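Please look over the sequence and the model below before reading on. The paragraphs that follow go from helices to a sheet, and then to charged side chains.

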Amino acid sequence: MTLRAFMHRITVLTIFSLLLSGCEKGNPLTVVKAVAAGAPSLAPFFEENSGLGRDTTTVRSQPVQGSLQQGDTPGLYGGSKQPTICDVAKLERFLTDPRNHKKAQAWAGVLNIGTDEIAEYLDRLTPVLLRHDTLVKNHDYKKEKAVPYNSLLQAGISILVDEQGLPAVKCSCGNPLRPFEGDTGRISVQFEDGNKKWAGYERESVVAVKPAPRKLARIALVDVQEPARGINRPVGSAGEKDTTFNTKKRRTVPDLTGTTFARASRELIDAGLAAGYAGQGVPSDGAKVTATDPPAGAALRFGQYVMLTVAGGGTSTSGRETGPTTTPPPPSSGARTPPTSTPPRSGSSGSSGGRPGEPSSPPPSSSSGRPGGSSSPPPSSTAPGSPSPGKSSSPPSPPTSKSSPPTSAPVTSSAPPPPPPPATTSAPATREPPSSGPATTEPATSEPATDGPSTTVAA
């Protein structure tokens with residue numbers, strides 16, 4: 001190599017290095033504190049050893065393809081035969097005790113509700129177990145104030161979720177949770193303060209959660225010890241009203257050709273399947289579906305992905321312009337993926353229940369991520385409403401900056417290991433619900449819980 005050629009190569013490498021450096025400065029890594037299952041918080045709202053909640057340390061995070069998952073994604077959360085993982089009544093007594101008024105004020109402030117609304121708000125939350133290492137905005141209690149920090153909660157941690165499937169409270173310490181607001185693709189996880197890197201941790205399996213577009217009536221969980229066992233848990237209940245179903249039953253891909261992307265996504269979720277797509281950003285809600293892969297009539301495991309090919313550009317749910325979207329051949333194996341406030345990233349998204357290598361599904365756009373609040377459904381979601389859950393009062397609306405994750409990123413969903421898990425959804429009824437799929441919101445669908453997860457939507 002001549003001296004001139006050598007100097008030219010050095011110059012090119014230097015310029016490339018500077019360009020990369022500039023990109024890093026413009027989009028820095030977000031520091032995230034790891035929170036291991038069973039590890040005590042250093043500054044909790046509630047004493048860890050008081051029996052408020054307990055984690056499960058034997059759960060491994062499920063493989064994922066994407067990093068943003070909607071709260072009604074099939075099999076996003078887990079459960080067990082011992083559902084009392086969180087003592088909501090004890091947390092309510094503590095926060096409504098006049099002696100803890102300052103702590104209650106700080107706690108309620110995070111959720112943007114008044115202290116007089118705490119009891120009502122807690123009554124609408126549902127205890128679940130994380131099935132994925134999940135990014136959230138956590139809050140410690142220091143000097144009579146709620147101090148926010150980004151954290152990664154290990155799979156197996158028990159939490160309370162709100163009516164839109166968003167993490168709301170960490171059970172063991174009572175710390176309030178809000179959606180993660182950083183870029184899930186640019187995080188730096190710190191394992192310290194007794195939170196050592198746990199077995200099975202994979203950077204690619206980290207997720208965040210985006211709110212479902214409407215309030216859920218039930219949440220379909222996957223038993224973390226027996227993945228073939230699905231659990232239907234009514235929102236606002238703690239396990240006493242659980243019913244079970246078989247996650248191994250095959251689901252039939254509905255005929256979606258000619259429907260809008262938004263409706264097709266909802267119909268797949270209703271059928272217990274995940275919607276996948278390819279391309280930059282989420283296709284617009286009104287984009288027309290021209291083909292599915294596998295085709296209509298195919299029988300799939302619960303939570304597997306169906307790739308959608310759509311035609312027509314337009315503004316996506318994130319406000320970005322999208323062109324025609326095509327889909328690649330389906331991968332040989334399935335995958336699941338989940339979180340909440342991630343900026344747009346290229347790639348496909350999907351639902352929980354597939355296997356690694358399958359695209360994840362984008363959820364319908366959500367207009368609000370308020371705790372317990374109901375966001376406006378897309379124009380196409382005008383299916384008749386179903387009966388509201390037992391506790392239907394809506395909590396005050398917190399600022400969207402706190403509870404509503406950015407919608408600029410394609411929503412992906414998580415996929416459980418075989419056999420795939422159950423799903424809950426806030427989407428309208430499918431036009432031809434499969435016999436083994438979750439129950440939909442239309443009166444015509446009255447499938448017993450033993451055949452599949454129930455996925456009714458609160459009115």
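At the start of helix 2, which side-chain oxygen reaches to the backbone nitrogen of A89? The oxygen belongs to D87, and it comes to within 3.4 Å of that nitrogen. The structure is a predicted model, in which local features need pLDDT of at least 70 and side-chain atom pairs count only at pLDDT 80 or more, while totals for chains, interfaces and linings use all residues. Residues are numbered from 1 along each chain as its sequence is written, and side-chain values use heavy atoms, with hydrogens and water left out.

Helix 2 covers residues 88-95, and its buried residues are V88, L91 and L95, where buried means under 20% relative accessible area, exposed means over 50%, and partly exposed lies in between (1.4 Å probe, protein chains only). Seen down the helix axis, these buried residues fall within an arc of 60°, so they line one face of helix 2; the arc is that of the directions from the helix axis to the C-beta atoms. They pack against helix 3 (101-111), helix 4 (118-123), strand 7 (158-161) and strand 8 (167-170), with contact meaning heavy atoms within 4.5 Å. In helix 3, the buried residues are K103, A104, A106, W107, A108, V110 and L111, and the helix is followed by N112, whose phi is positive, near 60°.

Strand 10 pairs with strand 1 in the parallel sense over 4 bridges, and V189 in strand 10 stands opposite V32. In the loop between strand 9 and strand 10 lies F180, which is buried at a relative accessible area of 0%.

Where does E48 lie, and what surrounds its side chain? E48 is in the loop between strand 1 (30-35) and strand 2 (68-70), and, not counting residues up to four places away in sequence, it touches A39, P40, S41, K170, S172 and C173. Although buried, E48 has no salt bridge, and K170, the nearest side chain of opposite charge, is 4.5 Å away. Lys and Arg count as positive and Asp and Glu as negative, while His and the chain ends are not counted; a salt bridge needs a side-chain nitrogen of Lys or Arg within 4 Å of a carboxyl oxygen of Asp or Glu.

A search of the whole structure finds 9 salt bridges. One of them joins D223 and R229 (2.7 Å, N to O), and D223 is buried at 2% relative accessibility. Another joins D242 and R233 (2.8 Å, N to O); R233 is buried with a relative accessible area of 1%, whereas D242, at 24%, counts as partly exposed. In helix 5 (residues 261-270), R263 and E267 lie 4 residues apart, about one turn of the helix, and their side chains meet in a salt bridge (3.0 Å, N to O). Elsewhere, salt bridges that share partners join E120, R124 and E163 into one network.

Technical notes: Helices (H or I, at least four residues) and strands (E, at least two) are DSSP runs, numbered from the N terminus. A polar contact is a pair of N or O atoms within 3.5 Å; within protein, one must be able to donate a hydrogen and the other to accept it, and residues adjacent in sequence count only if both atoms are side-chain atoms. Two strands pair if DSSP finds at least two bridges between them.
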